[in-house]
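Biologist: Could you take me through one stretch of sheet up close, partner by partner, and then carry on to the packing elsewhere? I'd like the cut-offs as you go.

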Amino acid sequence: MNIHAGRVQTAAETALMDVYVSKMTALPGNTAVVSARDLAVDALKTAGLPTRRVESWHYTDLRNLLRAIPAGSETPSADTKPLVKGSSILSVTDGVAEGGQAGEGVTVTRIAAKLEDGSFAKALVSRGTDDAIGMINTALVSDGYHLDIADGAALALPIEVQFAADQDSHTRLAIKAGKGAKATIIERHIGGDAFVSAITHLTVDDGAEITLIVDQERSAGAVHLGQMNVWIGKDAKLVVFVMNSGGKLVRQEVHVAVKGEGSDFKLRGINLVGGDAHIDVTMTLTHEVANTSSTEVIRNVVTGRGHGVFQGQIKVFPGAQKTDAKMACNTLLLSDEGEFSTKPELEIFADDVQCGHGATVREVEPQHLFYLMTRGIPETIARGLLVKAFVAEIIEELEDEALVEALETRLSDWLEKNA
Amino acid sequence: MLEIRNLHARIAGTETEIIRGLNLSVKAGEVAAIMGPNGSGKSTLSYILAGRDDYEVTEGEILYNGESILEMDPAERAAKGIFLAFQYPMEIPGVATLEFLKVAMNSQRKQRGETELKVAEFIKQVKEAAASLEIDFNMLKRPLNVGFSGGEKKRAEILQMKLLAPKLCILDETDSGLDIDALKIVSDGVNSLRSPDRAVLVITHYQRLLDHIVPDTVHVLYKGQVIKSGDKSLALHLEANGYADVIGEAA
C-alpha cells in the first residue's frame with residue numbers, strides 16, 4: 001500500500017498550499033527561516049491534514065472538519081476595547097503587528113523583525129509528525145510579538161496582546177518571563193470568519209508568577225488553530241486560563257514542560273460550545289522533576305449541535321517523586337444533539353506520586369433547579385443562573401476583579417445568545 | 001387558605017403510593033403542626049405542596065385560596081405565596097447568596113406585576129432580616145449554603161422566608177440539626193411572621209419545636225393519611241405516649 005502517492009488532496013489542503021505559494025515571497029525571513037518554512041510545507045504535504053486515525057486528533061478530524069479555508073473579509077469587525085481597563089495593548093491585525101510598548105520592564109520586539117534576522121528560526125520546529133498546527137503556522141507565520149519581561153519586574157496591570165483577524169492570520173507570541181517576574185498577559189483573539197493559526201511560547205523562569213489568559217471569542221464561522229508551548233522553571237507559578245466562546249472549528253493545544261522543582265502549574269479551561277461549533281482543548285503536561293504540583297480543571301457548556309473535546313495527558317518522569325497532579329473535566333450538556341468527548345491519560349514512571357483525574361457529563365442538577373424555583377425564580381432564569389454558576393466558579397478563581405468581571409460579562413453574553 | 005381533599009400521590013413513574021387519601025384544612029392565621037413517625041409521608045407532603053415533579057398526584061385536589069395549584073410549577077406557586085423551608089437546603093456553588101436573594105425577590109415582584117427593588121432598599125431589607133436572625137452579613141456574600149453549618153442553613157431558610165414574606169409557610173423539620181440557641185432564634189423568626197393573613201404548616205418529629213412555635217392545630221400523619229387531629233395537647237400526648245396508641249385507635 002502506498003499511502004503518500006495515493007492520497008488525494010482535499011480542497012482545504014490545496015487551498016492551504018495555494019495560500020503558501022501566493023504568499024511565500026512576501027513572508028518575512030532569512031534563509032534559515034525560509035528553509036524551516038519549506039520543511040514544514042513538505043511535512044504537511046506528506047502527512048496531509050490529520051484525520052481521526054492520528055491519535056492526538058482522534059476527536060478532531062481536521063481533514064474532514066476543515067472543508068474550506070474561510071474567505072475572510074476586508075472590513076474590520078472586532079471590538080478592540082481592552083478586556084481590562086488600563087491594560088497595555090499590543091495589536092496584531094490580520095497577521096501584522098503594529099509595534100508598541102508594554103510599560104517598564106518589558107522589551108517588545110516584533111516577530112517579523114526576528115524572522116528577518118533569523119533569531120526566531122530555532123522556534124520554527126515541529127513537535128512531531130502530528131503537529132499540524134506547528135506546520136501550518138511555520139509555513140505561514142508573518143508577525144507577532146516577543147515580550148521579554150525583566151528579572152524581578154512586577155507589572156501592575158495586564159498586557160493585552162490583541163489578535164484581531166478578518167483575513168488569514170498566522171502569528172506567534174513569545175514571552176520570556178525573567179526570574180521572579182510577576183505579570184498577567186491576556187492573549188485575546190477577536191474578529192470575523194477568518195483562518196487563524198496562533199502559537200505561543202512561554203518561558204517562566206525561576207520564581208516567576210505568571211497568569212496567561214487565552215480569550216478566544218472569534219465569530220461563528222472562524223477557524224482557530226492555537227498552540228501553546230510552555231516551560232516552567234524552579235519555584236515558579238503559572239496559571240493558564242483558556243476561555244473559548246467563539247469560532248466554528250477551534251483547537252487549542254497546551255503543551256507544558258514542568259522543568260523546575262517546587263513549581264506549580266494550573267490550567268483552567270472554559271469551553272462554551274454552541275451552534276455547530278467544534279471546540280477542542282488538548283493538553284500535554286510533563287512533570288519532569290521532583291516536588292512539583294499541577295491542577296487542571298476544565299468546565300464545558302454544550303448547546304445546539306456543538307461538539308466539545310478535552311484531551312489531557314499527564315506524564316510523570318522517572319525521578320519526579322512527590323508529583324501532585326489532579327485533573328477534572330466537567331461538562332453541562334444542555335441539548336440532545338450536543339456532544340462532548342473527553343480523554344484523560346496518565347503515564348506515571350515514578351512510584352511516590354499523587355495523580356488523579358475525573359470527568360463528568362450531566363444536565364443541570366434537577367434538585368438545584370427545584371430549590372431555586374421554590375423561591376419564585378422562573379425555570380429559564382433559574383437554569384441560566386445554574387449554568388452561569390457552573391462556569392463562573394472557575395472564573396472567580398482569578399484574583400483580578402476587573403478580569404473576573406470582564407470574563408463573566410463575556411460568559412453572560414454567550415449564555416444569552418446560546419442557552 | 002389551604003384545602004387538601006382526598007389527595008393520593010405516588011413517586012413519579014412507579015406504583016409506590018406515598019400519600020393515600022389525605023385530607024387537611026388550614027385557615028389563614030393558623031399554625032398547624034403535622035406530626036408522624038418516619039415514613040408517614042410528611043416530607044413528601046411538603047414537596048408536593050411546593051411542586052416537586054418527582055411526585056405524581058393521581059387523585060384529589062389541593063386548593064390554595066380556592067384555586068387548584070396542581071398545574072402550577074414551583075415558581076408560580078412561590079409567586080402566589082407558598083414557601084417551603086427545606087429540611088436539607090441545597091448547596092449551590094457559584095451562586096452568591098445575595099445575588100440569589102435579589103433574583104428571587106425581584107422574580108416574585110415581577111410575577112406579581114410590581115417594580116424591581118432598588119439596590120439600596122434591597123440591601124437594607126436583607127441587613128435587617130439578617131440581624132434579627134443573627135446572621136453575619138458577610139456570610140451572604142458566599143455561595144448559597146456552601147460551607148454553611150447545619151444551623152446556618154436553617155437560619156438562611158428563615159431569612160429567605162422573611163424576605164419573601166410568603167402567605168403559606170411550610171417548615172419541613174426545621175428543628176433538625178439545631179442546638180437550643182439556634183432553635184430559639186429560628187422559632188422567634190417564624191413567630192415574628194405569624195399574622196392573621198398568613199398560615200404556617202410545621203412539619204416535625206418532636207414536640208420540642210412546638211414549645212417555641214405553639215400550634216393552633218396538630219395533625220397526625222400515618223401511612224399517607226391524617227389519622228387524628230386535635231389542638232396542641234395532642235402533641236403533648238404524643239410526646240408522652242408515642243404514636244402507638246394513636247395509630248392503634250385509628251386502626
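Modeller: Let's start at a single spot: R251(A) stands opposite D280(A) in β14(A). This is a predicted model, where local features need pLDDT of at least 70 and side-chain atom pairs count only at pLDDT 80 or more, while totals for chains, interfaces and linings use all residues. Residues are numbered from 1 along each chain as its sequence is written, with chains lettered from A and ligands numbered from 1 in the order in which they are written.

R251(A) is also the bridge partner of L225(A).

Staying in chain A, the axes of helices α7 (366–373) and α8 (379–395) come within 9 Å and cross at roughly 125°. (Axes are fitted to C-alpha atoms, for helices over the stretch in contact, and angles run from 0 to 180 degrees between N-to-C directions.) α7(A) and α8(A) are therefore oblique to each other (not under 35, over 145 or 65 to 115 degrees). Their crossing is right-handed (near helix turned clockwise from the far one by less than a right angle). From α7(A), H368(A), L369(A), L372(A) and M373(A) meet E379(A), A382(A), R383(A), L385(A) and L386(A) of α8(A) (C-betas within 7 Å). That contact has 6 nonpolar, 1 polar and 2 charged residues (Ala, Val, Leu, Ile, Met, Phe, Trp, Tyr, Cys and Pro are nonpolar; Asp, Glu, Lys and Arg charged; the others, Gly among them, polar).

Over in chain B, an open sheet of 6 strands is ordered β6-β9-β10-β3-β11-β12, with mixed pairing. Its edges are β6(B), 82–85, and β12(B), 225–230, each pairing on one side only. The twist averages 20° from one strand to the next. Within that sheet, β3(B), 31–35, and β11(B), 217–222, pair in the parallel sense over 4 bridges, with A33(B) opposite V218(B).

Definitions and conventions. Two strands pair if DSSP finds at least two bridges between them. Helices (H or I, at least four residues) and strands (E, at least two) are DSSP runs, numbered from the N terminus. Two residues are in contact if their C-beta atoms, placed from the backbone, lie within 7 Å.
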